[in-house]
Amino acid sequence: MKKMTLEKIVKKGISFLSKIFPVKSYLYFPLLSTAIFWGIRRATEWKKKILSWQVYLDPELIEEKPAEFVLNFFKKSSSLSQVYEAEIMSNDKEALREAFNRLYPIIGLEDPFLSALFYEELESKDFRNIVKEFDEEVSRAKRDIEALEGKSRLLEGLKSVAEEAASLSVDLMSNEEVQEVVANEIKKWTKEGN
Amino acid sequence: MRLKSGRRKETNEEMKKEVNEEREREMNKNLISRETIASFRIIPKISFIILLLLFWLFSLPACVSHLKDAKFFYSQGQRFSSLYQTEKAVASYKRALIEAELEAEKHPSAQAFMLKGMAELNLELWKEAEGSFLNAFSYGFEKGEEWAREISLLGLASSLDELKLEDPALKIYASVLDKSKLRQVAVFAAQKYTDAMLKRALQKEGKEKQKLLATALKTAEKLTTKDLSCGFYHYLQSQVLSHLEDYKKSFEEAVMARELGLPKQEIFRDNDLQIVFCYQSLKEKLQEEEWEEFRSRYMAWVKRWNWRDAETPSWKSEVRNASDN
């Protein structure tokens, strides 16, 4: 199975070389066998390196705050205590906590992204509107952010052949084995009258 | 004369021969140069082939580059997120997701799905993240990939938590926290476990609440004892102590957390606000003498941190803060 797939790749390589370099077929063998052998080795090394590159999940802040902390947040800010006067007076913990969960990252922690997103509401001290629109606005803004542009796609097409060779799980194949496959394919190709 | 003419003839023939030989040499010379020229024409082709093959050789790791790119963009997202650069962080996580999807499609593996799940978790795509982590487990982790298995387990628990399956999630957090030897894994599990325990405690009253808080504190203390230099564990302890209304100890732990360092700007600021909250609460609760003693200690820290005043950390926006107070 491994050899079959490698054979296909060698065939592709020969056909590719024969178009650009039709007369000098004696060069196919050294070029192809070396490239494939070292290519496989290189890809295996890379794969090992990448697989051992550890990535982790980052911790977040503790979201569950005591009721006293929530109340203090509203009381210590003159503008917030004005807007939420009724909830503070009636000790409506549920309503205050719901508003706190939206307002604390903006007013308390001063999250730059959220502060910019709700700039107008903050300027006009329209805190209730922030609480009301928070989920929708934030998810819409995050949805609209495009993924980062990566490297140039210019050579992507050329890479496909290389990818096929490297994606083979033939890291245990020896140099001789690779050479044998390449040599056989070149012989077949020559016999076919090329 | 005959002799002379005969010699002349010989000379003429010799000359002709010489000329012919010269011509032949010239012709041969031309032939060589034609061959040389022909071979020179081949050189660019060979160079081109070698260059192409070299390019091929160096681009061979492309088969694993989607996984590499996914890890790179994920790490970049974490870096931006820790610096409070949300737009860039979201863009990086999106790119990490694209790369992980490509990897999972072309070369499905446990790590490919783990990365996909991690990116989805950061983009708050809970259902998709759950599916990805389950896929990661179905492919299985090899020897040496214990870290990836633990991360996938935590990721799965985290997505279950967000999908309101809180009990199984808490069990996983507790189990990973108990068994993991990796600091990065333990830190994440500790945060999730503490938050989940605090959430439960807030839903209860009286003894039940106190019992849950005591358990959460015990865990945080155990973690701190095990790894005294980890600022994040001191932060967790400070947060739990705040729920227990022990503001003096909460303040002390928050100071320790600040001094030892915290993983993200967001957590750092939250910790600062905890310090301010402790100060404000103690101001109301402590007797005058005790308060003065605490205040003098507190102000020494404020000076050390270059805060604008006792209740305003240096990162607080000056204009908004002034108008607000």
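Q: How many of the 194 residues of chain A count as buried?
A: A residue is buried if 20 or more other C-beta atoms lie within 10 Å of its own, exposed if 12 or fewer, and partly exposed in between, with C-beta atoms placed from the backbone. In chain A, 31% of the 194 residues count as buried. The model is predicted: local features need pLDDT of at least 70, side-chain atom pairs count only at pLDDT 80 or more, and totals for chains, interfaces and linings use all residues. Residues are numbered from 1 along each chain as its sequence is written, while chains are lettered from A and ligands numbered from 1 in the order in which they are written.

Q: Which elements does chain A have?
A: Helices (H or I, at least four residues) and strands (E, at least two) are DSSP runs, numbered from the N terminus. Chain A has eleven helices and zero strands.

Q: What share of the contacts in chain A comes from residues 24 or more positions apart?
A: Two residues are in contact if their C-beta atoms, placed from the backbone, lie within 7 Å. Take the contacts in chain A with a separation of 6 or more: 71% join residues 24 or more positions apart.

Q: Where is pLDDT lowest and highest among the elements of chain A?
A: pLDDT is the predictor's confidence in each residue, from 0 to 100. The chain A mean is 80, and 80% of its residues reach 70 or more. Helix α10 (residues 156-166) of chain A has the lowest mean, 47. Helix α3 (residues 67-75) of chain A has the highest, 97. Over residues 151-162 of chain A, pLDDT stays under 50. For that stretch the model has eight contacts beyond four places in sequence. Where pLDDT is low, predicted coordinates should not be read in detail.

Q: At what angle do α11 and α12 of chain B pack?
A: Axes are lines fitted to C-alpha atoms, for helices over the stretch in contact, and angles run from 0 to 180 degrees between N-to-C directions. Under 35 degrees is roughly parallel, over 145 roughly antiparallel, 65 to 115 roughly perpendicular, the rest oblique. Helix α11 (residues 247-260) and helix α12 (residues 265-285) of chain B pack at about 155°, axes 9 Å apart. The two helices are therefore roughly antiparallel.

Q: Where is B:Asn306 found, and is it buried or exposed?
A: B:Asn306 is found in the loop between α13 (288-304) and α14 (318-324) of chain B. B:Asn306 is exposed, with 8 other C-beta atoms within 10 Å. Its phi is near 60°, a positive value in a residue other than glycine.
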